[in-house]
Amino acid sequence: MYPAPFNYHRAGSVAEAISLLSNLGDGVRALAGGQSLLVLLKARFDTVTDLVDLGRIRGLDGIEAGNGEYRIGALATHARLARSPVAEAIPIFQDAANGIADNQVRSRGTIGGNVSSGDPSCDWPTLLIALDAQVHCEGPDGKRAVPVNEFVEDLYLTVLGDGEIVTGISFPAPEKGAAGAYVGFKRCAPAYPTTSVGVQLTMDGDDCKDVRVSLGSSGLTPIHATGAEAELRGKLLTDDVIVRAADAAVAESDPIDDQRGTPEFKQLLINTLVKRGIGVARRRCAGEQVEVSHEYY
Amino acid sequence: MSWVGKSPRRKEDDRLIRGQGLFTDDELGEGMLQLYILRSPYAHAKINSIDTSAAEALPGVACVLTGKDVLEHCDPYMQLALEPAANIQDYPLARDKIHFQGEPVAAVAAETVGLAMDAAELIDVDYDMLDAVLDVEEALKDEILVHDNIGTNRTWQGVYEYGDVDKAFAEAAHVVKIDRLHFHRYSSTPLENNACVAEWTRQGTVEFLCNNNFPGFAKQLLAPGLRLPIENVRVRTYDVGGAFGNKIWNYVYMALAALASRKTGGRRVKWAEIRTEHMLAAGHGNERTYVDTEVALDKDGVITALRSRHLDDCGAYTRYEPLGCVIFSQVLPATYKLRNIRIEMNQAVTNKCPVVPNRGYSRMQQLWFMERVVDICGQELGIPADEMRLNNYITDFPYETPNGCVYDSGNYPAMLDKAKELLDWDKWAAYRDQARSEGKHVGIGIGTTLDSGTNNFGQAQIMNPHLPFSGNSEACIIRLDFDGAVVVTLGTGPSGQGHETSASQVVADELNIDPSMVTVRSGFDTNWNTFVGHSGSYASQFAVTGLSAVHGACQKLKTEMRKLAGFLLEAAEEDLEFGVGEEGPQLKVKGTDKAVNYWYLSNIVNNNNAVLQGALEDVTLNVRHVYRPPFNVPDVEKKFGNLTLTYAAQLHIAVVEIDPATCRVNTLAYAAVDDCGTVINPQIAHGQVHGATVHGIGAAIMEAFDYDEGGNLLTATFSDYCPITSMNIPDIAYGNIETPSPFSYNGAKGMGEGGGAPLHTMSAAVQDALHGAGVIVTDSFVSPPRVYELLQNPNRETAVSVG
Ligand SMILES: Cc1cc2nc3c(=O)[nH]c(=O)nc-3n(C[C@H](O)[C@H](O)[C@H](O)COP(=O)(O)OP(=O)(O)OC[C@H]3O[C@@H](n4cnc5c(N)ncnc54)[C@H](O)[C@@H]3O)c2cc1C
């Protein structure tokens, strides 16, 4: 499989990337790890005139912590993130990074590209909603930060303007005692999840002090399940409460009918995964080491 | 010391592991053109016009082929079917109509594949879409015709009737009616896609390097299709990355590379299919629907009779079909002793990808059906699955089935015992009962299956009495090279089955040497003279046909070597022994140190023959042997005769737990017991069992070719189709028993297809788990979304009735 011909440009800096992307017309696209873009181009589902490779821009792949937040460069790969101190500190991070596709894809694919794909099946946007992250963008009009749940507007469509790129992600360091879980249901490693759920929980004794719930592959965009959160926040986490939260999450979802299943089947999974995610997050809040990621066929 | 029965290192692995294999797409060459095939986006459409001018004008494009070229230079491929299906016009490219999504419409040869793809995008095809017929029952109504010229979609119909079915039903204690069963579409998706390199030489011959797995047959269809004498077509294979039967009819597309070579003045042209093309158009496994099934049983649950109608969906072209409508009858009663059977077999074309033999071809569909019948009857009558089988298994061998097939040997109860032991049956049975009392869905399923091997091609005459095929054969040439090396060539064209290794084991035993001293030439070449019309790797036959040919050739060579050595050593032939001496492999006069080594023998014949002074004219040390199994032509009217020589068997047991929260079918334990008679190479046999098991589990829970109402294939990429990966495979406890075949010289039975055992087993296990929830498993595909549907809509009320 070979893409149609295109011109290749290698950007040396963010400024150069922005300038190239702004001046090469409608057919230009940024290239990061290529794990979504090249797949489309090779299948000729999409054609471009020009690609601007961001891969060699220095300083765009940092993974840092400090001042109560984490900052991750757009070019950080899934594989590096999975092995990073962030993953060690925040279990939900590891859950997600290890569950993305296979080694080859994880070694090339980047968090910036994953978020920029605007694909509701991609794991990072869903996870990052649970962590209340900001997407840092830079374009011809300067820099801005967009909350991740506002970043993806529609299927494969983000708020990025012409010439604008994602430079990084940041999110507040979770409170002490907070923990989360990112769980999905998948057919096999190289397939996207059938559905996935992120839960980030802050407990106060047996009560839920704060919570964020997000749903992936559950609609045309990643979903911030605020209804589910409302069922949980400030409550004693009884089975009843958790059931209501799962039902609320299902009500907020709108999964499509595709090879992975019917909407009804996916809603069963969403229901299950929300409960499972809350269960794991809660045990982790209590200091337990729990290994989870996805469940495979 | 015997090498047969041991697992010496596989000869093939060294080059394969080092990346030194030669797969067709690895072939490079100066000036080689690359072919890309433009395929129809529609399932059923009329082609109004094709404009190739922009594509032809693109620099780097050498030629563009359309239906016009094909009409000018090709004849339609011969069809195996009877009239009217025999008149299906099967060409390498569509002419005026599209019959399935992915059908080739045009082909571009260019300097690079990328350019060829660019050019293909510039081809303007004007289509008129037509309504598609995608379901076999709809197709049989003939309201929408796939091929207008034959006036019907039906490609075959025949009744297989034996015993006294009506009487058995009249006397039955129970009659179980099963509304409808369905065996889904999938394939074994070999890692290497179809590929070929073709050159139309100045002498008017065509040279193919390809990965077809039945080249003896392909050549006989390809040459007339290209309007060439058969001798003018050379077909060569080397390493093949899996075939599973799926590469049998890639000759259809190979012709395009040849035509492109011809059109470009003889440049070599490579065609290497991409994965999506493979999924769309390289051939799917047979899809089958079973209706009006009725089963008669006595009061103990012994099945006495069966009647049903089977509807096979062969996709848009028949090609190797309707052979499947006969092949299934190799295992008509499966492993069961019922004598009264009436099955009406039907087949129709639909607007879907044509079917191709797929690991377990057509027998698997029948075996799955029979296993469903046994399990549904057992479950409905309250007879446990193991008891049901023990009540019904065939136990005396050789056993002649009602339709005249002879099961050579076997011991199904022993396999059941062994599988139970491997699984720890009692533990899991207790677990199941406990889990059920807690409301969990746990099930244990048994699948018994047959891997019938070494076809009698005479069965093709049951399908079409005019076909000039019968019996079976395989060829081997063995010779001593100038330096005395033992060189073996085979007609088998393996695709990963380790023929080089097992053939060398047989030769080593015959000559009393080490397998490392035997060179087995890999691949297949019609220029080598080592082939017959049946040559190839398909239908579980190598251990019988291939190794019998090797064995026969060894006997001939040994006779010559004895004569020659006896002459040279002035010794009686019976005083000579084969072995290895200080100067390598040799013949020695027993009890003496008088010996000649292979170099000496070979040199006499090849370089130094005056020594013989005219004696031993018939000794060439280069012998050819063709093995022919003892078959008769079946009785076509009665559909009676022995259709296969050996019957390997598999018995699998799975324990599954279905989590209602995800509908995942979680396999808690899995045991696979194999009986392929005398095992030649245990490691290879184990590998084949493992591979077949994994393929079957994948088919049962993950893999399906699903079409939408428009005839668009929804699972045309690996991401959507999701072939099974290591993460999805349960631990497989493997065991084997050996019931040597009385019909093969070595007691071996062909093996490798595994008869789809995991499909039967997984269906049975899911059924067992969900029967309490009112579910009858009526489809071979039990993925989580399907299990969800079953749990939402329990079907027991409508799917089955007991009278
Ligand atoms: C077989 C397979 C399975 C996969 N399975 C999963 C899975 O289970 N879960 C999952 O989350 N992902 C999965 N992926 C996708 C993978 O994670 C991709 O890496 C990711 O989606 C894209 O990142 P990338 O760096 O490769 O981006 P690219 O492919 O290079 O780019 C993707 C898109 O983002 C744009 N882009 C890239 N970087 C930037 C930037 N910094 N600023 C603005 N725009 C940018 C590009 O223009 C393009 O439109 C899978 C991919 C494959 C091939």
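So, Thr110(A): an N or O atom in its side chain sits 2.6 Å from an oxygen atom of the ligand. Keep in mind that this is a predicted model, so every distance I quote is computed from predicted coordinates.

Let me stay with the ligand for a minute. Ala32(A) puts a backbone N or O atom 2.8 Å from a ligand oxygen, and Val166(A) has a backbone N or O atom 2.8 Å from a ligand nitrogen. How much of the ligand does the protein bury? On its own the ligand exposes 960 Å², and 91% of that is buried by the protein.

Who is around it? There are 32 residues in the shell, and the ones that come nearest are Ala30(A), Gly34(A), Gln35(A), Thr110(A) and Asp123(A). If you like to think in classes, that shell splits into 18 nonpolar, 11 polar and 3 charged residues. As for secondary structure, β2 (28-31), α2 (37-42), α7 (111-116) and β10 (165-172) of chain A each give at least two residues to the shell.

Okay, over to chain B, and the packing there. The largest nonpolar core has 215 residues, and the members touching the most others are Phe208(B) and Leu226(B). Helix α8 (residues 251-263) of chain B is the top contributor to this core, with 10 residues. Looking past its sequence neighbours, Leu226(B) contacts His73(B), Cys74(B), Trp200(B), Phe208(B), Ala255(B), Ala258(B) and Leu259(B). There's also a second, separate core of 48 residues, with Trp3(B), Leu511(B), Val544(B) and Tyr627(B) among its members.

Following the helix you get Arg227(B), which has a positive phi, near 60°.

Start with Gln459(B), in the loop between β18 (441-455) and α15 (460-463). Is this glutamine buried or exposed? Buried, because its relative accessibility is 2%. Its side chain has polar partners, though: there's a polar contact with the side chain of Gln330(B) at 2.9 Å, and the backbone oxygen of Leu643(B) is 2.9 Å from a polar atom of the Gln459(B) side chain. Beyond its sequence neighbours, Gln459(B) contacts Val326(B), Ile327(B), Gln330(B), Pro634(B) and Leu643(B).

And then Leu651(B), on strand β27 (residues 644-659). This leucine is buried, at 0% relative accessible area. Away from its own stretch of sequence, Leu651(B) has contacts including Tyr393(B), Tyr412(B), Met415(B), Leu416(B), Ile446(B) and Val673(B). One more pair for the viewer: Leu651(B) and Ala757(B) are 106 residues apart in sequence, but their C-alpha atoms are 7.0 Å apart in space.

Methods: Residues are numbered from 1 along each chain as its sequence is written. Chains are lettered from A and ligands numbered from 1 in the order in which they are written. This is a predicted model: local features need pLDDT of at least 70, side-chain atom pairs count only at pLDDT 80 or more; totals for chains, interfaces and linings use all residues. Side-chain values use heavy atoms; hydrogens and water are left out. A nonpolar core is a set of buried Ala, Val, Leu, Ile, Met, Phe, Trp, Tyr and Cys residues joined through side-chain atoms within 4.5 Å. Buried means under 20% relative accessible area, exposed over 50%, partly exposed in between (1.4 Å probe, protein chains only). Helices (H or I, at least four residues) and strands (E, at least two) are DSSP runs, numbered from the N terminus. Contact means heavy atoms within 4.5 Å. A residue is near a molecule or strand if one of its heavy atoms lies within 4 Å of it. A polar contact is a pair of N or O atoms within 3.5 Å; within protein, one must be able to donate a hydrogen and the other to accept it, and residues adjacent in sequence count only if both atoms are side-chain atoms. Accessible areas come from the Shrake-Rupley method with a 1.4 Å probe; for residues, only the protein chains shown count as cover. Ala, Val, Leu, Ile, Met, Phe, Trp, Tyr, Cys and Pro count as nonpolar, Asp, Glu, Lys and Arg as charged, and the others, Gly among them, as polar. Lists of a residue's contacts leave out its neighbours within four places in sequence.
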